[in-house]
Amino acid sequence: MRRPTRLWVALMLMLAPASAGAIPPADPLGSPMWSAHARTLFGDDPVRFDPRVIVSFPMIAENQRAFPVVIDSRGIVGVRRMILLADLNPIPVAIDYRPAHAAPYIATRIKLDQRTPVRGAVQLDSGQWLVSGGWVDAAGGGCSAPPVSRVKGDWADHLGEIRGEVWPMANGQRRVRLSFRHPMDTGLVENIATYHLEALSVIDGAGRLLGDMDIWASVSEDPAITLLVDSAADATLRVAARDTNGRDYRAALTPARQSPMPGGR
Amino acid sequence: MILSRRAMLGGMASLAAAPARAADYVITPVVIGDGIWMVRGADEPIESRNGGAIANIAIIATPAGTVLWECGPSLRYARALRQVAERLTGARIVRVYVSHLHPDHGMGLAAFDPAIVAALPGTIAALAAQGQGYADGMYRLLGDWMRGTDLILPGRAIMTAQEDFGGRALRLLALSGHSSADLALLDERTGMLLGGDLVFNDRAPSTPTAVLPAWRASLDQLQVLPHGALLPGHGPIDPAGIAAIAQTGDWLNWLEGALTQAVRDGLDMVEAGNLPIPDRFAQMAVARYEMQRSVSHLYPGLEASLLPRIDVKSAP
């Protein structure tokens, strides 16, 4: 308990002289890292807490290496950017998503290194940030334990495998699910350097960018991401991603691949 | 005479030295047959308010001494259980069975001589590999309840299908599916079947180490095994011994089907964990909690088998 407080004090001392701008609102979750993260992420932009940013997760963190989170701000008009943040993770930001032609919705799984607030922060076209979230109790070690595929030793055999599917939605949008095989090494495990997916974009058949995101190693091993994009029902979607070693990943989601579901690989 | 007085003094000294909170575990044996009692666990998650005492335990009196089925989550619990059981039967504990590796069932075995603690070989191997992780988790969840509890491995690997205690025969069934090795026990005298965590009753099954096809096969075996009443691993006793087996199978089939359909429908894990639970499971304790845990256990595997490959070779 003492160490985070000391760390927080140290960070505040470091940051205090640089802070000339807006003071973020008091944190309803009482997180020791709120002020520091708010200054770093939001700068001088206005910030307020808003329950219309719906951050959903299970009642129990059963697996601290893969904790499912959904940020859904479809009830808010004009969202241009979404950040998924776990205050007390050593790598606090998991995803920074720009839904260009997509609903302000993202679902994924993250690592939890200890009990922490998990938040969604969405930025409006006006520049204002709206934030929501809650505390999650979790066993430690989500960021500092080696990935399962490193322990098994087969990560390289599956690197680059991408699975996914597209579903039409009643409102004309399309639900895209993507899952990558990647160790997502945090760099916090002895003798394993940082190595993770760092960029992902979804493009429609006409080359129009539907959404893109930056990704950090606090996203779970074998990242799984769900998005809701605007595109014609029969259009092929293309997915492009890159990891921190500069390896490129490409996938194509064609309507023909949607169904029927194959039983295996 | 001298020996027994020394034993008695020793016993009193150890009572006096026991931590004051040892009495906090309320251990109330309820008779469920001739010379067999159950100690009901709380139908709850492992939490500090219940000290982890959530698994059902049985005490069996035999001519050769007292037999325990499971020994609870902590050293403190197991010491209290031993006192209660030996007072109840008037005979020393000669055997402790641990049904499988999960800590709510057997972490208390440190209170006994490992030579009298028996488990399936697969359970002993799994405890050696994963037991410390479970111990860490229990300390995190339960704090002081766990004080003094160390991971100790059972000293006897069960290699026979039966043990006889002075004429009271106990059938030992080596099964699996809830974990890699699950023991069930049939008390020949009463027909009482002790199902371990292969069988839950009005308490949602937990699946952290489940292999569903093996679990179903084990349930099928228990279903056809002639037996009387059944004490499940969690939840109330099943007097006819069949309904709880059927309910456990029903839940597992529903769970797997619902999660498979959720992957096919494009749901994410959070959404899958909020799917409606059928009304027929309305009386089940901790249904939503276990369902969301099961999503965590089973969903990634279902995605890996059901979602098609979409990667294409990237241009150089």
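Strand β15 of chain A (residues 248-253) and β13(B) run antiparallel and are joined by 2 bridges. Strands are DSSP runs of E, at least two residues long, and helices are runs of H or I, at least four long, both numbered from the N terminus. Two strands pair if DSSP finds at least two bridges between them. Within β13(B), B:Val312 is the bridge partner of A:Arg250.

The model is predicted: local features need pLDDT of at least 70, side-chain atom pairs count only at pLDDT 80 or more, and totals for chains, interfaces and linings use all residues. Residues are numbered from 1 along each chain as its sequence is written, chains are lettered from A in the order in which they are written, and side-chain values use heavy atoms, without hydrogens and water.

In the interface, 30 residues of chain B contact 38 residues of chain A (heavy atoms within 4.5 Å). The two chains bury about 3,100 Å² between them, 56% of it on carbon and sulfur atoms. This is the accessible area (1.4 Å probe) lost on putting the two parts together, summed over both. B:Leu307, B:Arg309 and B:Ile310 supply 23% of the area that chain B buries against chain A, more than any other three residues.

Between the chains, 7 salt bridges are counted (a side-chain nitrogen of Lys or Arg within 4 Å of a carboxyl oxygen of Asp or Glu). One of them joins the side chains of A:Asp137 and B:Arg140, at 3.4 Å, N to O. On the side of chain B that touches chain A, α6 (243-264), α7 (269-273), α8 (287-306) and β13 (311-312) each give two or more residues. The largest share, 12 residues, comes from α8(B).
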